[in-house]
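Here are my notes on this model, point by point. Please read them with the structure open.

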Amino acid sequence: MAIVKASPKIDRSKFWESRTSGHSSSNYWLKDSIFEKRHSYFFDDETPESTSKYDNMQLAQYQRAISNFVRILTGRNDIKVDYNSGGTSYTDGKGITLSANIKEKEFDTAVGLALHEASHILYTDFDALSKYLRSFKSDVVNQRKILINLVEDLYIDAMTYRSAPGYRGYYSSLYQKYFDDKKIVDGLWSRDYAEQTWDNYIFHLINIRNPQRNLQALPGLKGMFKELDLSNITRLTTFNNRLDLSKWLHDEITKYVRVTDEDQQPNQLKDQQPGTNPQEEDEGDDEVDLGTLSQKEKQQLEKLIDQQKNFIDGDTRKGKVSKAEQKKINVLATANIDKKLVGANTTFSKNGIPLLIINDISKHFIESFGFQYGISGYPTQQSSERIDVAISRGKLLAKKLQLRNEERSLKTTRLDRGKIDKRLLHEIGFNNADIFQKININTYTPSYIHISIDQSGSMQGSKFNSAMEFAAMFAAASKYINNIHLQISVRSTVNDTHGTKEINAYLMYIFDSKKHNIQNIRSLFPRMRSCNYTPEGLCFAGIMSDTILKAAGKESYFINICDGEPYMEMAFSKNSGHYHGDSARLHSKSQMRRMENNGINFIAYFIGNLTEFRKVQECYGKNAIHLHSPTEIHKITATMSKSLL
């Protein structure tokens, strides 16, 4: 029998190829805005403990994105995705716990890990698993646990990998992180891991999927590999099937190790040299001359093996957030907030300015963050009464616009082509061939309208109140007109956002006729207050693509209500500056031009004195309309009614 120098296989499966990007798979599904930045949203390690080292806003985006992946994979909406606040289990069969240590370079891995745990929820019988493990004494329960978890992982990952090809990139990233280190391959082909101990058998079995596995390292490995039958692992359709296989593996390993207590010294088979397989079924195998690892290499490998065991046990180490932060992140995730960079490569910013786009406002968002975004906890009686009156006016406005719901038909008869008019059939006998008719049905072109209101501090009082009353009236009217899609937003800046100590521009959608009802208007609009700065063009740039998409094929209007020129002070990621003057006006003007070039009618209604109006005219030219006082806002209603009819 020849002595063969041990060496791993050279050919590698595509599954194990090196990753080229930490979020390359995710970008296929997600908006680029999650990774659309040139500065880190995370603080460095020197951040004081009193301050979170995580950007809660960014974590909320990650959480919402991963929740979407889980929902699509499982087809269920009841699986909660949360961040770790001190627990150790990664899934309890009902929800999934995420690490807060998510970075861009590991985002696909985080998605893969969440999908792995979601697959457990789909396929693993947690009650049966718990009952099985409780039946053993503590000295063997860990052996039993890691083997049933290993078989379970092989099964659930194969099921998802085969049934959902779109998720293979995430699984590839996940397994490359935990199983593809060169040190692991070195260990598989090392004499140091060829002694017949429980730990060594587990090490080789955990890495049995690796195309560079070494089945000659230990007696019985070939038989175990054959029994696992990885290419046909989905044959184990019941939990009991998988449990029986894990029991068989345990018995086989015990046969070779010849001990039942992992704390005892294992008895080596007499005269057995590590790396040879005298008990293998294939008698003709060559003996393998294995190499050895240095002490440092063994220490490094042991850390990797611990990570692998933790992964198999569903006990990955996780970055923690406090329970208070966890609550905030959950609220931010439900608010569906996008964080983008806008205004890059301009005279006022090279890398871009962070912009928050708040798509949904929940009760919990108002309770936790409402004050920062100009939403009071409770409306005053006066503001509620004003909005109620505006809603009533909106219903009256809807009656004037009811023509948009109607179809007008024109029937033309005695044509030489078209549909036969049965009433003229008798005329064929008189050599009249013009017996056809056509019916033309005319309807109004669907409209998309976006009303964006300046929420800056200078709007405080009658200007902001009048703007909100106009918005409430139009919102109410839109609910009675079928072919109008209306969105209403407010825009300003927010300080000290969610752990980052930044000043961010934001645009917040407060109404969408496709998903909100009259009660939403009555509940939210009276609470709105003015606050902070006027990041006008920045906000328009952030929603530009979405606005153009919604306006496509429709008669579209973008209504800007403001009382001054664009202005904000900037402070983010240790940088600061100003968005004002000529550069801000030109930037805002360019956003108007982009809308016009895409068929959107842009109108800016300015409320205030003539001097300030002239600055706004520099932004919007003939598209700027001067309202001397808030009482003239009714002119917007008259103009829009005329345009829509």
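1. Buried means under 20% relative accessible area. By that cut-off, the buried residues of helix H9 include Phe239, Arg242, Leu243, Leu245, Ser246, Leu249 and His250. Glu252, Ile253, Thr254, Tyr256 and Val257 are also buried in H9. Note that the model is predicted.

2. The length of H9 checks out. The helix covers residues 239–257, 19 residues in total. At 1.5 Å a residue it should span 27 Å, and its end C-alpha atoms are 27 Å apart, which agrees.

3. The side chains of Glu252 and Lys255 meet at 2.8 Å, N to O. These two are three residues apart in H9, so about one helical turn separates them. Glu252 counts as buried, at 13% relative accessibility. Lys255 is partly exposed, with a relative accessible area of 47%.

4. Arg593 is partly exposed at 39% relative accessibility. Glu596 is partly exposed as well, at 28%.

5. The salt-bridge count comes to 23. One of them joins the side chains of Asp199 and Lys309, at 3.5 Å, N to O. Asp199 lies in helix H7 (residues 198–206) and Lys309 in helix H10 (residues 295–312), so the pair ties together parts that are 110 residues apart in sequence. Asp199 is partly exposed, with a relative accessible area of 45%. Elsewhere, Glu565, Asp582, Arg585, Glu612, Lys615 and Glu618 are linked in a network of salt bridges.

6. Which side chains make polar contacts with the side chain of Asp512? His485 does, at 2.9 Å. Gln487 does too, at 2.9 Å. Asp512 sits in strand E12 (residues 503–512). Asp512 is buried yet has no salt bridge. The nearest side chain of opposite charge, Lys515, is 5.0 Å away, and a salt bridge needs nitrogen and oxygen within 4 Å. Leaving out residues up to four places away in sequence, Asp512 touches His485, Leu486 and Gln487.

7. Gln487 belongs to strand E11 (residues 484–495). Gln487 is buried, with a relative accessible area of 4%. Besides the contact with Asp512, a polar contact of 3.0 Å joins the side chains of Gln487 and Lys550. Beyond four places in sequence, Gln487 also touches residues including Tyr448, Ile449, His450, Ile451, Tyr509 and Phe511.

8. Strand E16 (residues 600–607) has seven of its eight residues buried, so it is largely enclosed by the rest of the structure. Seven bridges join it to strand E13 (residues 555–562), and the two run parallel. Four bridges join E16 to strand E17 (residues 624–627), also parallel. In E16, Ala604 stands opposite Asn560. In E17, its bridge partner is Ala624.

9. Finally, a loop residue. Asn532 is in the loop between helix H15 (518–524) and helix H16 (536–542). At 33% relative accessibility, Asn532 counts as partly exposed. Its side chain reaches the backbone oxygen of Thr493 at 2.6 Å. Apart from neighbours within four places in sequence, Asn532 is in contact with Ser456, Gly457, Ser492, Thr493, Val494 and Asn495. The C-alpha atoms of Asn532 and Ala505 are separated by 9.7 Å, the two being 27 residues apart along the chain.

How values were computed. Residues are numbered from 1 along each chain as its sequence is written. This is a predicted model: local features need pLDDT of at least 70, side-chain atom pairs count only at pLDDT 80 or more; totals for chains, interfaces and linings use all residues. Side-chain values use heavy atoms; hydrogens and water are left out. Buried means under 20% relative accessible area, exposed over 50%, partly exposed in between (1.4 Å probe, protein chains only). Lys and Arg count as positive and Asp and Glu as negative; His and the chain ends are not counted. A polar contact is a pair of N or O atoms within 3.5 Å; within protein, one must be able to donate a hydrogen and the other to accept it, and residues adjacent in sequence count only if both atoms are side-chain atoms. Contact means heavy atoms within 4.5 Å. The expected span of a helix is 1.5 Å times one less than its number of residues. Two strands pair if DSSP finds at least two bridges between them.
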